[in-house]
Amino acid sequence: MANLLGVDTGTGTVRPAQPSDAAGIGLVHVRSWQAAYRGQFPQDYLDGLDPARRAAGWRRYFEPEPPHRQALLVSEIGADIVGFASVGPCRDRDTAGAGELYAIYLLTQWWGQGLGRQLMAAALGALAGLGFEEATLWVLDANDRARLFYEAAGWAADVATKTDDSFGFPMAEVRYHRLLP
Ligand SMILES: CC(C)(COP(=O)(O)OP(=O)(O)OC[C@H]1O[C@@H](n2cnc3c(N)ncnc32)[C@H](O)[C@@H]1OP(=O)(O)O)[C@@H](O)C(=O)NCCC(=O)NCCS
């Protein structure tokens, strides 16, 4: 059965997140980072990630209200949160007016089974619903899995690159762009 967003994976659903999803989102966030960024981020940093702290951060997303023109979606199998995606206005100065896919993560055991494609479709629909006509995202230069996934979903690398030091170690990233449906 289709949900509010009209997205049904056959084995799960994608729906707007609610405050009670914060713990599940925090767990996905940490477990997915620990798997996807192994060998790319310092191991002690990955080992120190705490699902409860991440959950607290996501709980604040709803307080007092979700940020203006943003959307947070969860992918659910039964009663379990297995993925999430977050979108909103682009944070880069040179792309004023565009939207941005801030995050898209699934629990490792669900990688490669089509749930990412469903979550992406919902995220693109949410961006379009928020009034954006184009969008960007940033991905680690070395994150080949995600880059292939984005390219299969109609995104293409643009000219922008950056080295992000905000976590205390350098992360080489490339920006992708696409028009929205
Ligand atoms: C990136 C991610 C969300 C993709 O979701 P997914 O469910 O694994 O992807 P899907 O199974 O829906 O794949 C959709 C398409 O993407 C491409 N793709 C996905 N994984 C791929 C891989 N490992 N190699 C090549 N192509 C791949 C394929 O074209 C695939 O279509 P196909 O199965 O018909 O060939 C998921 O793998 C994930 O959470 N990874 C870790 C977190 C991460 O890196 N997030 C992005 C941060 S910028």
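Me: Leaving aside neighbours within four places in sequence, which residues is G83 in contact with?
Reply: In this predicted model, G83 is in contact with V28, L73, V74, S75, Y105, L106 and L119.

Me: Where is G83 found, and is it buried or exposed?
Reply: G83 is found in strand β3. The residue is buried, with a relative accessible area of 0%.

Me: How far is G83 from T95?
Reply: Their C-alpha atoms are separated by 27 Å. Along the chain the two residues are 12 apart.

Me: OK, the sheet. How many strands, and in what order?
Reply: Seven strands form an open sheet in the order β1-β2-β3-β4-β5-β7-β6. The pairing is mixed.

Me: Which are the edge strands?
Reply: β1 (13–16) and β6 (156–164), each of which pairs on one side only. From one strand to the next, the twist averages 25 degrees.

Me: What holds paired strands together?
Reply: Strands of a sheet pair through backbone hydrogen bonds, either parallel or antiparallel.

Me: And in which sense do β6 and β7 pair?
Reply: Antiparallel, over six bridges, with β7 covering residues 171–179. Within that pairing, A157 stands opposite Y176 in β7.

Me: How do β4 and β5 run?
Reply: They run parallel, and two bridges join them. G99 stands opposite A135 in β5.

Me: Why call β5 largely enclosed?
Reply: Because six of its seven residues are buried; the strand spans residues 134–140. Buried here means under 20% relative accessible area.

Me: Helices now. What does α1 lie across?
Reply: Helix α1 (residues 22–36) lies across β2 (71–77), β3 (80–89) and β4 (99–106). The helix runs at about 90 degrees to β3.

Me: How many helices does the protein have?
Reply: Five, along with seven strands. Along the sequence they follow the pattern β-α-α-α-β-β-β-α-β-α-β-β.

Me: How compact is the protein?
Reply: It is as compact as a globular protein of its length, because its radius of gyration is 16 Å, close to the 16 Å that the globule rule gives for 181 residues. The C-alpha trace spans about 40 × 35 × 35 Å along its principal axes. Of the 181 residues, 48% count as buried.

Me: What about the largest nonpolar core?
Reply: That core has 53 residues, and those with the most contacts inside it are F84, L101, Y150 and W155. Helix α4 (residues 115–129) gives the largest share, eight residues.

Me: What does Y150 touch, not counting residues up to four places away in sequence?
Reply: Y150 touches L101, I104, M120, L137, V139, W155 and Y176.

Me: Changing topic: which peptide bond is cis?
Reply: The one from E63 to P64, with omega near -5 degrees. P64 is found in the loop between α3 (51–61) and β2.

Me: What stands out about R69's phi?
Reply: R69 has a positive phi of about 60 degrees although it is not a glycine. Most residues other than glycine have a negative phi, and most peptide bonds are trans.

Me: Where is R69 found, and how accessible is it?
Reply: R69 is found in the loop between α3 and β2. Its relative accessibility is 31%, so R69 counts as partly exposed.

Key: Residues numbered from 1 in each chain as written. Predicted model: local features only at pLDDT ≥ 70, side-chain atom pairs only at ≥ 80, totals over all residues. Heavy atoms only, no water. Core = buried A, V, L, I, M, F, W, Y, C linked by side-chain atoms within 4.5 Å. Buried < 20%, exposed > 50% of the residue type's maximum accessible area, 1.4 Å probe, protein only. Helix = DSSP H or I, 4+ residues; strand = E, 2+ residues; numbered from the N terminus. Contact = heavy atoms within 4.5 Å. Pairing = 2+ DSSP bridges. Axes fitted to C-alpha atoms, helices over the stretch in contact; angles between N-to-C directions. Rg over C-alpha atoms; globule rule 2.2 N^0.38 Å.
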